[in-house]
Amino acid sequence: MNTGKTTINPYLSFNGNCREAMTFYKTALDGELEIMTFADSPMEVPEDHKNKVMHASVKFADAILMASDGMPGNEVTFGDAYNISIGAKSAEEGERYFKNLSEGGSVTMPYSEQFWGDTFGMLTDKFGIRWMVNAAKGDKQFI
C-alpha cells in the first residue's frame, strides 16, 4: 500500500494457524482481510503446505497487519521481545480493540487511564501475540 509516506508494518509468522489468527484479527480490529495461499503462487512446496498462508494482510483504520505460515520446514519460536502497538483515535476505539483482542487471551495491564494522561493497556492474545493499545488524550500522539 503506497500512502506517500514511509511506514513500518508488523509481520507475524505462525505455525500453520495463520488463517485462524488473521480471521480473528479481522473481526477484532474491524478490518479487511486478504489471504494468498502457497497454492495461489507459482512456488513449489510440499502438497501438505499448499493450503497454508503464504501472505495475509488485515487493513484496519490507517494500519496494516501482515502475516504468513512461513516456508515449509521453518518452525516459529514465539518470544517476548516484541509487542504490536496500536495508537487508537479515541479511548472508545482503543477500548473496543483491547476488549476484542483480549478475548481468549490474558490481560497484562488493564486498559485504563494512565499517569501520563493517555488510556493504555497491554495483553497477550490467544495466539501468544503481545499487544499494547494506547489512546492519546487531546491532540498529542504517544509515540
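Visitor: In what order do the elements of the chain run from the N terminus on?

Guide: This is a predicted model. There are two helices and eight strands in the chain. From the N terminus on, the order is β-α-β-β-β-β-α-β-β-β.

Visitor: What is the strand order in the open sheet of four strands?

Guide: The pairing in this open sheet is mixed. Its four strands are ordered 1-4-3-2.

Visitor: Why is one side of strand 1 and of strand 2 left without a neighbour in the sheet?

Guide: Strand 1 covers 11-13 and strand 2 covers 32-37. The twist from one strand to the next averages 15 degrees. One side of each of these two strands lacks a neighbour because strand 1 and strand 2 stand at the edges, each with a single partner strand.

Visitor: How many bridges join strand 1 to strand 4?

Guide: Strand 4 spans residues 63-68. Strand 1 and strand 4 run parallel. Ser 13 has Ser 68 as its bridge partner in strand 4. The number of bridges joining the two strands is three.

Visitor: What angle does the direction of helix 1 make with that of strand 3?

Guide: Helix 1, residues 18-28, packs on the sheet. Helix 1 touches strand 1, strand 2, strand 3 and strand 4. Strand 3 covers 53-60, and the angle between its direction and that of helix 1 is about 5 degrees.

Visitor: In which sense do strand 6 and strand 7 pair?

Guide: Strand 6 takes in residues 106-113, and strand 7 takes in residues 119-124. Five bridges link them. The sense of the pairing is antiparallel.

Visitor: Which residue in the turn of the hairpin has a positive phi?

Guide: Strand 6 and strand 7 form this hairpin, with five residues between them. The phi in question is about 100 degrees. It belongs to Gly 117.

Visitor: What share of the residues in the chain is buried?

Guide: Buried here means under 20% relative accessible area. The chain has 143 residues. The buried share of residues is 36%.

Visitor: How far apart are the centres of the positive and negative side chains?

Guide: The C-alpha trace spans about 55 × 35 × 25 Å along its principal axes. The chain carries 13 positive and 20 negative side chains. The centres of the two sets are separated by 3 Å.

Technical notes:
Residues are numbered from 1 along each chain as its sequence is written. This is a predicted model: local features need pLDDT of at least 70, side-chain atom pairs count only at pLDDT 80 or more; totals for chains, interfaces and linings use all residues. Side-chain values use heavy atoms; hydrogens and water are left out. Two strands pair if DSSP finds at least two bridges between them. Axes are lines fitted to C-alpha atoms, for helices over the stretch in contact, and angles run from 0 to 180 degrees between N-to-C directions. Contact means heavy atoms within 4.5 Å. Buried means under 20% relative accessible area, exposed over 50%, partly exposed in between (1.4 Å probe, protein chains only). Lys and Arg count as positive and Asp and Glu as negative; His and the chain ends are not counted. The place of a charge is taken as NZ of Lys, CZ of Arg, CG of Asp or CD of Glu.
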